[in-house]
Amino acid sequence: FSAFYYFTINKAVSSRPAYGQGASIGSGYFPSGLAVLLFVLSLLSLLRTHRTEDKTIEVPFAGHILFAACATAVFIASWYLTGLFYPLAFLYVSALLYVYRVEPGRRIFTAVTSAAVSALVTAVIFLVFGLVMSLRF
């Protein structure tokens, strides 16, 4: 994910010269540095874990974590390809709320409440960032 984030940041700020005359520290400098740092530390952690003795580590709710990571990647890629932030944000938040809150026997109630909360969150994002701050996503 850090490599994807790094390349996304670099594409967003690639219109300016990166080095030499006319180059300056822009808005993508700090996020790019964080992405590179995250990538390097992840590799170091992987190497360190590989050297130590094998221990089985049980991750609770691993399926939920994997779903959230995949849903985030799909959300970012879909937003990048279509430019439809608000409908995709609604679907993304709805899906995450549903997966993390679903209870046996209450699936319909959970789906309805997840959609309602997601609509509220998306509306607040639109009001604050779209109307008040005039930012386009």
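Author: In this predicted model, a residue is buried under 20% relative accessible area, exposed over 50%, and partly exposed in between.

Reader: Why is tyrosine 86 called partly exposed?

Author: The relative accessible area of tyrosine 86 is 22%. Buried would require a value under 20%, and exposed a value over 50%. Tyrosine 86 therefore counts as partly exposed.

Reader: What makes phenylalanine 126 count as partly exposed?

Author: Phenylalanine 126 has a relative accessibility of 37%.

Reader: How do you know whether serine 114 counts as buried or exposed?

Author: The relative accessibility of serine 114 is 2%. The limit for a buried residue is under 20%, so serine 114 counts as buried. Serine 114 belongs to helix α5, which covers residues 107–132. With neighbours within four places in sequence left aside, its contacts are Ser94, Leu97, Tyr98 and Arg101.

Reader: How many aromatic pairs does a search of the whole structure find?

Author: The search finds 6 aromatic pairs. In one of them, the ring centres of tyrosine 86 and phenylalanine 126 are 5.3 Å apart, and their planes stand at 85°.

Reader: Why is the pair of tyrosine 86 and phenylalanine 126 called edge-to-face?

Author: Two rings pair if their centres lie within 6.5 Å, and planes over 60 degrees apart count as edge-to-face. The centres of these two rings are 5.3 Å apart and the planes are at 85°, so the pair is edge-to-face. Tyrosine 86 sits in helix α4 and phenylalanine 126 in helix α5, so the pair ties together parts that are 40 residues apart in sequence. Ring pairs also join Phe75, Trp79, Phe85, Tyr86, Tyr92 and Phe126 into a cluster.

Reader: What is the span of helix α3, and what span is expected?

Author: Helix α3, residues 62–82, has 21 residues. From its first C-alpha to its last it reaches 30 Å, close to the 30 Å expected at 1.5 Å a residue.

Reader: How do you know that the buried residues of α3 line one face of the helix?

Author: The buried residues of α3 are Ala68, Ala71 and Phe75. Viewed down the axis of α3, they fall within an arc of 70°, so they line one face. An α-helix has 3.6 residues a turn, so residues three or four places apart point the same way. The face of α3 turned away from the buried side carries the exposed residues Gly63, Leu66, Val74 and Leu81. Helix α4, residues 85–101, is included in what covers the buried residues of α3. Just after α3, glycine 83 has a positive phi of about 80°.

Reader: Which residues of α4 are buried, and what covers them?

Author: Phe85, Leu88, Ala89, Ser94, Leu96 and Val99 are the buried residues of α4. Their cover includes α3 and α5. Helix α4 itself has 17 residues and reaches 24 Å, close to the 24 Å expected.

Reader: Which element has the lowest mean pLDDT, and which the highest?

Author: Helix α1, residues 2–12, has the lowest mean pLDDT, 57, while α4 has the highest, 94. Where pLDDT is low, the predicted coordinates should not be read in detail. Over the protein chain the average is 81, and 76% of the residues score at least 70. The chain holds 5 helices and 0 strands, and 15% of its 137 residues count as buried.

Note on methods: Residues numbered from 1 in each chain as written. Predicted model: local features only at pLDDT ≥ 70, side-chain atom pairs only at ≥ 80, totals over all residues. Heavy atoms only, no water. Helix = DSSP H or I, 4+ residues; strand = E, 2+ residues; numbered from the N terminus. Expected span 1.5 Å × (residues − 1). Buried < 20%, exposed > 50% of the residue type's maximum accessible area, 1.4 Å probe, protein only. Arc of directions from axis to C-beta. Contact = heavy atoms within 4.5 Å. Phe/Tyr/Trp six-rings, centres within 6.5 Å; stacked < 30°, edge-to-face > 60°. pLDDT = per-residue confidence, 0-100.
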